[in-house]
Amino acid sequence: MRVLGIETSCDETSASVLHGSGNAVTQDSLVILSQDVHRVFGGVVPEIASRAHLTSIVPVVERALADAGSDTVDAVAVTNAPGLVGALLVGVSFAKAYAFARVLPVIGVHHMEGHLFATALEHPDALPPFTALLVSGGHTMLIDVEAWGRYRLLGRTRDDAAGEAFDKVAKLLGLPYPGGPHVERVAAGADPGAYRFSRPMLRRNQSPQDSEFYDVSFSGLKTAVLNAVRAPEVDLERDRPAIARAFQDALIETLVEKTVRAVIQHRRPRVVLGGGVAGNATLIAAMRDRLVPRGVEVFAPTARLATDNAAMIARAGLFHLERGERSGLDLNAFAAQPIPGLVAA
Ligand code: KG4
Ligand code: ZN
């Protein structure tokens, strides 16, 4: 089956074509157009995002089909939740019209389920069962993936998502948006130990029955950075790398520790990282340091597939299409929705 995937949930207009069946899938093309305009505002402006999707959706899809070498596809998969509703609606409306005109099936895909599938496009062994850590600008979730479509939510953030924490801390440190890569770059130049922030929701005596065993919280860490930046003795030009490093160390140690707990409790042989923050090389290295000695493999997507893209949507859509699922022409966009197949721990 050849699937056209479309993703417009936030500030990337993306289209992709892939073909295959089961876990044998080949990516024929992937076009990602990032909306640079939001940098001016230091964050995504929803109305501007919707308008930018409108002007770019047709050329982005045309380019993806041309790169794939053929505009013949068997189905269309489109992100319909979660995300900015106006932005999502552009992709959903386009996908429905495209499918209707060509008498093709269309399937709505949950954006975070797409992130679960992204790594498998680059690593053929990144298949269930695995422990998944999804860390994006809007979500932070620890999920036990028993099989594709069978997900158990172990933990989540109580407040800010990991990427959101990176972006807000970047702003406090006077770094551009989106801040994650800038914080990582600046932190790389710092000596360890000049600053230390406490690890949020991380205590030795937590047990799996305790909801804080897997949940995370980053708003206190953000406040700790704010207080550090405002301290009278601080010279931001001098101390920026040390503060960035202390923030990143605290966030990464928390995520790694909670992931290790999940791997041990559920006896999974591999960990799959997804979402924009999974492009953080320091996080990936810390995860490998803890897990490889235990014989656990750690898979992370390249930055291109870690951030929002339509290939992961086409891949997740292919899975649902092969199960015989179809969306109707009443398919709608939703700002929030649970991942299909996700149950609480
Ligand atoms: O998955 P994504 O592209 O979009 C959402 O679905 O939210 O994630 C974007 C987030 C942003 O917050 C960005 O700062 C963060 O991913 N990010 C990073 C890195 N690259 C992107 N955070 C930390 N380190 C990075 N290298
Ligand atoms: Zn995303």
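In what follows, a donor is an N, O or S atom within 2.8 Å of the metal, or within 3.2 Å for Na, K and Ca; water is not among the atoms, so sites may look incomplete.

The structure is a predicted model, in which local features need pLDDT of at least 70 and side-chain atom pairs count only at pLDDT 80 or more, while totals for chains, interfaces and linings use all residues. Residues are numbered from 1 along each chain as its sequence is written, chains are lettered from A and ligands numbered from 1 in the order in which they are written, and side-chain values use heavy atoms, with hydrogens and water left out.

I begin with the metal site. The zinc ion (ligand 2) is held by His111 through NE2, His115 through NE2 and Asp308 through OD, at 2.0 to 2.1 Å. Along the chain, these donors follow the spacing H-x3-H-x192-D. Helices here are DSSP runs of H or I with at least four residues, and strands are runs of E with at least two, numbered from the N terminus.

What arrangement do the 4 donor atoms around the zinc ion (ligand 2) make? Their angles run from 91 to 148°, which makes the arrangement irregular. The rule is that four donors count as tetrahedral if all angles lie between 85 and 135 degrees; four count as square planar and six as octahedral if opposite donors are over 155 degrees apart and all others between 65 and 115; anything else is irregular. Both His111 and Asp308 are buried, a word that means under 20% relative accessible area, with exposed meaning over 50% and partly exposed in between, for a 1.4 Å probe and protein chains only.

Next, the sheet. An open sheet of 5 strands has the order S3-S2-S1-S4-S5 and mixed pairing; two strands pair if DSSP finds at least two bridges between them. Strand S3 (24-34) and strand S5 (106-110) are the edge strands, each with a single partner, so one side of each has no neighbour in the sheet. From one strand to the next, the twist averages 20°. Although S5 is at an edge, 4 of its 5 residues are buried.

Two pairings deserve mention. Strand S1 (residues 2-7) and strand S2 (residues 12-21) run antiparallel and are joined by 6 bridges, with Val3 opposite Leu18 in S2. S4 and S5, by contrast, run parallel and are joined by 5 bridges; there, Val78 stands opposite Gly108 in S5.

Helices pack on this sheet. Helix H1 (residues 46-68) lies across S1, S2 and S3, at about 30° to S2. Helix H2 (residues 85-102) touches S1, strand S4 (75-81) and S5, and its direction makes about 155° with that of S4. Axes are lines fitted to C-alpha atoms, for helices over the stretch in contact, and angles run from 0 to 180 degrees between N-to-C directions; contact means heavy atoms within 4.5 Å. S4, H2 and S5 make a right-handed β-α-β unit: with the strands pointing away from the viewer, the path from the first strand over the helix to the second runs clockwise.

Another helix calls for comment. In helix H5 (residues 180-187), 6 of the 8 residues are buried, so the helix is largely enclosed by the rest of the structure. Those buried residues are Gly180, His182, Val183, Glu184, Val186 and Ala187. Their cover includes helix H4 (162-172), helix H7 (236-266) and helix H8 (281-291).

I close with backbone details. The peptide bond from Ala81 to Pro82 is cis, with omega near -20°, and Pro82 lies in the loop between S4 and H2. A cis bond also runs from Pro128 to Pro129, with omega near 5°; Pro129 is in the loop between H3 and strand S6 (130-135).

Which residues other than glycine have a positive phi? Met201 has phi near 55°, and Arg267 has about 50°. Met201, in the loop between H5 and H6, counts as buried at 17% relative accessibility. Arg267, in the loop between H7 and strand S9 (270-274), is exposed, with a relative accessible area of 73%.
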